[in-house]
Amino acid sequence: MATSSRLKDIGDKFCRCSVCLENLKGPKQLPCLHRYCKDCLISIIQVTKDVIKCPECREEIQIPTNGVDGFKTDFNSKSLVEYVQSQQSLKSVEVRGCYGCSRHPSLIVTAYCFKCNDFLCKDCHNFHITNETLKGHQKHTLSLEDIGAHNITIEKLASMRDAPRCYIHLQEIAKLYCETCGNLPVCTTCTYGEHKGHNLYEITGLAKLKREELTQKINALEANNRPKDKNVKTSKQSIEKLSLNVNIEREKIINMHYQKDKKIMTKIQDIEERIQKVEKEKQNTEKNIFVSLQTEMEHEIDEVKKKYEDIFRVKKLELNDTFEGQESSLKEELAKLREKRECFDQDKKELLTSIETQLNENVKIIEEMSEHYDNIKKRFETLNVMASSILASDNDWSAVQCIPDMCTAATNLMKDLKKFFPELTSLTNVTVNHKHYSLGKPNFTKISDNFIKKISINHPYRYVFGVTNSGDGNIIVSGMLFDTKASFIIVIDMNGRILMGKKLNARKFWPRRYCKSLSQHKVASVCKPDEIGLYDVRDDSYNKKNISDVINSWPKDRCVSCVTTDPVNNHILVGGYKSRYVYVFDDQLNYLHTLTLPEMIKWPRDITVCDGHLLVCDYDGRKCYVTTMDGLRSKLVGQFMKPNLEGNCFGPISVCSDMNGFLYVLWKNFFQNPSQCCLVQYNHNGSQVLTARELEGDARVVTVVETSQGEKLLVGTHDTQTVYCYDLLTED
């Protein structure tokens, strides 16, 4: 910060009252450092009771018991106002009279005496600076040429004015500062009389300490204000980026729902045609039977004719039963499809409303943040100008009176700078939670007989523990390095090429890292012992927390064992090793609550959310469960059927679901050498095994990802760093 400033650098607004918009008259300073005319403050106080709001920053300020006189007089601003008034006088065409020779009132003035507080003509100016009787005025006289040239410094202006006088002994210069009597200026003589025993301070030393304190606070404010300034400048860009993202998502939603509606209409038309075909076939069959029987009846006697009429009647009833069942089934499916279409339309409206709400809320937050930082910037500029003025001035009395208030204002400004706002990058994202519907009866998802692609990760020395997908069709892989001292999280394409990623140092050995997709660009990740974080695939950034720092009940010896996400509520769920507790966080890593699993579950090896329920792999208990997620205590809904495998040592280690609601569990036997692994496909509640196939014993994790070519089933291996990709084929 500069210690010397020319007065031309201080704008006219600094000396102007923001109430009457004129130069300050009897300036009074509020605790927030804004200054107003004494009369303007009186008019403001008259319409309030105990508290007023600053007209500029709106800070609430307690009115002193003695009214406006209780506010400090800003002597520093008073000097600056006099200087500005002298400058304005030069610009005025009005002819001013000389204070020293009233006999010539129309002479042009050329100087100003701060001792006389008036203008001087050329002759009186020369007399002032040469006559011995006016020797005391010489250093207080200023040429108007210097004022017009704008080259007067604050130090020069301060030297023009007399030092403060003792308020009792007016002929004595005040050298002491009485804190007991409200910061009054006193002389040495007063220390033996009225001010004996009071808290007295030598003004020069005290002013030096106050200047140093103010300098430190101003420097700290400058350092903290730079990144906030940058945030304010980027707010407009963030709003534009948010609007662009909303428009893109709006188009995606409209196009997606158009395609789904088109598929439904195609199925409706197909079923209506099939109904017509059944009706026609029914009529033709009835007609054929009738003709056949009628021909036979013509060749029989009357008794036989009655017999065949009875036979026809029975046949017709059987025919009606057969075709009416098909017709009823098709009409029921048609009604469900029309209901689904209504659900699609409602979902579309809700999604469009959701992103519009997010747009309005995020824009409001960004504008509030921008307004907050604009206000801080203005307050900082005001404080900076005043601090520069005080620090550059030699007026110790102004320093002692003003600097404490400036320090208080700097402290309050620092607190406001630390006010929490969400990151701008998070405010530009749009969260869209799509609902999935099956068209009519659930389609059957068939796993391709062989994997369609074997993706080898092109990097050595890795153990794989987590596999998930990103919104751009790439794959996220997490795990532990071979040296067991660090973990990793990487993004690979479908050919195994590493696009980006991080090596993350660990707090303990064996830092197993798991991951699960949270949104289009964010991936939730946990790592032993108790780390939770969010990885952004757009800029390879990673923000983390230690769970033990935010949850007091987290035991020191507990480690994370798995992670999943709830896309409907934007929640992150974390399981613990040897614990029935599942810890729930929001998408900003704030802890929400703890969910307790049912007593029959020992601890979750893996978890996933499906249709509002929690699927839990309990490897130690050798079982897989379906539980509720409502409230703080989870309730048992059902149990997966265990596949018919040799031995009782198989336990579930990974679980996931596809778009049609079919479930997939990886069962593994660690006690067999080499390990045995089996992938089992279940129906919608896990009560029925649909298919089972043996996999490589190194398989560790299974997940379903959605690509432009449809859904794929990924199986990641632990040691060989390979991801096997299978097609999921939908059949009617």
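This is a predicted model: local features need pLDDT of at least 70, side-chain atom pairs count only at pLDDT 80 or more; totals for chains, interfaces and linings use all residues.
1. Two strands are taken to pair if DSSP finds at least two bridges between them.

2. Strand β9, residues 176–178, pairs with β11 in the antiparallel sense over 3 bridges. Within this pairing, the bridge partner of Cys 178 is Leu 200 in β11. Is Cys 178 buried or exposed? Cys 178 is buried, with a relative accessible area of 0%. Cys 121 also counts as buried, at 3% relative accessibility. A disulfide is a covalent bond between the sulfur atoms of two cysteines. A search of the whole structure finds 0 disulfides.

3. Some totals for the chain follow. The chain has 12 helices and 36 strands. Of its 732 residues, 45% count as buried. Among contacts with a separation of 6 or more, 54% come from residues 24 or more positions apart.

4. A second open sheet to look at has 4 strands in the order β14-β15-β16-β17, with antiparallel pairing. Its edge strands are β14 (462–469) and β17 (498–505), each of which pairs on one side only. Neighbouring strands of this sheet are turned by 20° against each other on average, direction ignored. Strand β16 (residues 486–492) is joined to β17 by 7 bridges, and the two run antiparallel. Ile 489 stands opposite Lys 502 in β17.

5. The partners of β20 come next. Strand β19 (residues 522–527) is joined to β20 by 6 bridges and runs antiparallel to it. In this pair, Val 523 has Tyr 535 of β20 as its bridge partner. The two strands form a hairpin with 3 residues between them. β20 also pairs with strand β21 (residues 541–546) in the antiparallel sense, over 6 bridges. Here the bridge partner of Gly 533 is Lys 544 in β21. The hairpin of β20 and β21 has 4 residues between the strands, and Asp 540 takes a positive phi near 60° in it.

6. Which residues of the largest nonpolar core touch the most other members? Of its 51 residues, these are Leu 30, Ile 52, Phe 71, Leu 214, Leu 221, Leu 383 and Met 406. Helices α1 (38–46), α2 (75–91), α7 (203–233), α9 (302–392) and α10 (396–417) each supply at least two residues of this core. The most comes from α10, with 12 residues. Apart from this core lies another, of 19 residues, among them Tyr 514, Ala 524, Val 560 and Tyr 583.

7. Leaving aside neighbours within four places in sequence, the residues in contact with Phe 71 include Leu 30, Pro 31, Leu 41, Ile 45 and Ile 52. Its contacts also include Lys 28, Gln 29 and Gln 62.

8. His 125 has its place in helix α3, residues 122–130. With a relative accessible area of 15%, His 125 is buried, because the cut-off is under 20%. Not counting residues up to four places away in sequence, His 125 touches Thr 110, Ala 111, Leu 120 and Thr 141. His 125 and Val 109 are 16 residues apart in sequence and 8.9 Å apart in space, C-alpha to C-alpha.

9. On annotation, an unreviewed UniProt entry lists residues 261–288 and 320–347 under "coiled-coil region". In the model, residues 261–288 are 100% helix and 0% strand, with the end C-alpha atoms 40 Å apart. Residues 320–347 are likewise 100% helix and 0% strand, and their end C-alpha atoms lie 40 Å apart.

Technical notes: Residues are numbered from 1 along each chain as its sequence is written. Side-chain values use heavy atoms; hydrogens and water are left out. UniProt positions are given in the numbering used here, feature names are shortened, and annotations may be inferred rather than shown by experiment. A disulfide is a pair of cysteine sulfur atoms within 2.5 Å. Buried means under 20% relative accessible area, exposed over 50%, partly exposed in between (1.4 Å probe, protein chains only). A nonpolar core is a set of buried Ala, Val, Leu, Ile, Met, Phe, Trp, Tyr and Cys residues joined through side-chain atoms within 4.5 Å. Contact means heavy atoms within 4.5 Å. Axes are lines fitted to C-alpha atoms, for helices over the stretch in contact, and angles run from 0 to 180 degrees between N-to-C directions.
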